[in-house]
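Please look over the sequence and the model shown below. A short report on the fold comes after them.

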Amino acid sequence: MAPVRIVFMGSPKPAAGVLDATAEVAAANGWSVVGVYTAADKPEGRGRRLAPSPVHSKADQLGIPVLTPPRLSPPEEQERFRSLRADLVVVAAYGLLLPAAFLFEPKHGAVNVHPSLLPRHRGAAPVAGAILEGDTETGVTVMKMDEGLDTGPTLASRGILLRGDERTGPLTDWLFALGGQLLAEVLPGYVATDVVPVPQPDQGVTYTPRMTKAEGLIDWSEPALLIERKVRAYDPWPGTAAVWEGRRVAITEAAVDSEEEQLSGGEVGVRGDAVLVGTGQSSLRLLRVKMEGRPEMGIGEFLRGRPDFAGARLAT
């Protein structure tokens, strides 16, 4: 098998593990990762100092050249890509659309690690989508990319069962770790043409668009079951919150209460140690909150400091 020149594209922490897996499979097969595309450095922390993306840091550790263009469409960027003479592009949570030159000019095209069981949950937020829909199973798919949105034929997929208490952050980490393993297993066979891409079925297609900050504001007319899922799905971003006394109150942990309470939407009630909020169906039991300007805390501690919260009316 001729040596394969790989270009990797990704940015967040979960993608750094996929880069590690890509570098390992390359080394095991006498291939090379000749370049890494990732997001530009961003300000972080109180000092707002510029910090590299996790993939950038991992590439530096591995000694791989890094490129951070804000766009890939300019002709000079596509020429710079061609100068790398890539045989294969590997993508994991990169964030920019790939022009045709990146998708089709490399000998083996471009493959993507996508954290869902395609064709379910195509789009920008597949992990949150699985939690919001109450899926009992999700997984990861390695697919060959085309110009559509996660529409390319699949090389392999692997599923996991969900308990119903998952949050987007940790579940994303787990799925990309699984995706790195699957990628390492399938790439040699794909390059050797032993693994044949299989078109996705037309049935079962769903889309999960990029989330907005406004989606994190709770609509108390919605059922408690959906609101509780949003608390988990929107962690860590955009978070889930209501407004009380003009200040944002983030709800970081909650549960659906099984007992009937005569509370109207957004009304706060107390039953023993339980702090409940009325919704469109059932009540939401608050477990942990974070009021604007204060640290996160358990609801009992919060209520001791703000006893007037009992009987409050929460707005979106």
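The sections below go from the whole chain to single residues.

## Basis of the report

This is a predicted model, in which local features need pLDDT of at least 70 and side-chain atom pairs count only at pLDDT 80 or more, while totals for chains, interfaces and linings use all residues. Residues are numbered from 1 along each chain as its sequence is written, and side-chain values use heavy atoms, with hydrogens and water left out.

## Overall picture

The protein has 8 helices and 17 strands. Both are DSSP runs numbered from the N terminus: helices are H or I with at least four residues, strands are E with at least two. The C-alpha atoms fill a box of roughly 70 × 50 × 30 Å, taken along the principal axes.

Of the 316 residues, 50% are buried. Buried means under 20% relative accessible area, exposed means over 50%, and partly exposed lies in between (1.4 Å probe, protein chains only). A contact means heavy atoms within 4.5 Å. Among contacts between residues at least 6 apart in sequence, 66% join residues at least 24 apart.

## The seven-stranded sheet

Seven strands form an open sheet in the order E5-E2-E1-E6-E7-E9-E10, with mixed pairing. Strand E5 (66-67) and strand E10 (154-161) each have a single partner strand, so one side of each is left without a neighbour in the sheet. Two strands pair if DSSP finds at least two bridges between them. E1 and E2 run parallel and are joined by 5 bridges. Here Ile 6 stands opposite Val 33 in E2. E2 is mostly covered, with 5 of its 6 residues buried. Strand E9 (residues 137-144) pairs with E10 in the antiparallel sense, over 7 bridges. Glu 137 has Leu 161 in E10 as its bridge partner.

Helix H1 (residues 13-29) packs on the sheet and touches strand E1 (5-10), strand E2 (32-37), strand E6 (88-92) and strand E7 (110-114). The direction of H1 makes about 170° with that of E1. Helix H3 (residues 75-82) lies across E1, E2, E5 and E6, running at about 165° to E2. Axes are lines fitted to C-alpha atoms, for helices over the stretch in contact, and angles run from 0 to 180 degrees between N-to-C directions.

## A hairpin

Strand E14 (residues 268-271) and strand E15 (residues 274-278) run antiparallel, joined by 4 bridges. Val 268 stands opposite Val 277 in E15. The two strands form a hairpin with 2 residues between them. Gly 272 in the turn has a positive phi of about 65°.

The largest pocket has a volume of about 1500 Å³. On a 1 Å grid over the protein atoms alone, a pocket is an open set of points where a 1.4 Å probe fits, with protein on both sides within 12 Å along at least five of seven lines; lining residues have an atom within 4 Å of a point. Its 41 lining residues include Ala 93, Tyr 94, Gly 95, Ala 124 and Arg 210, which lie nearest the centre. E7, helix H5 (126-132) and helix H6 (168-191) are the elements that give two or more residues to this lining. H6 supplies the largest share, 5 residues.

The second largest pocket holds about 250 Å³ of space. Of the 15 residues that line this pocket, Gly 239, Thr 240, Ala 250, Ile 251 and Thr 252 are the closest to its centre. Strand E13 (247-257) and strand E16 (283-291) each give two or more residues to the lining. E13 gives the most, with 4 residues.

## Backbone and loop details

Most residues other than glycine have a negative phi, and most peptide bonds are trans. The bond from Asp 235 to Pro 236 is cis, with omega near 15°. The bond from Trp 237 to Pro 238 is cis too, with omega near 5°. Pro 236 lies in the loop between helix H7 (224-233) and strand E12 (241-244).

Arg 85 has a positive phi, near 50°. This residue sits in the loop between H3 and E6 and is exposed, with a relative accessible area of 53%. Glu 245, between E12 and E13, has a positive phi near 55°. Glu 105 lies in the loop between helix H4 (100-104) and E7. At 47% relative accessibility, Glu 105 is partly exposed.

Technical notes
Points joined across faces, edges and corners; volume = space filled by probe spheres on them.
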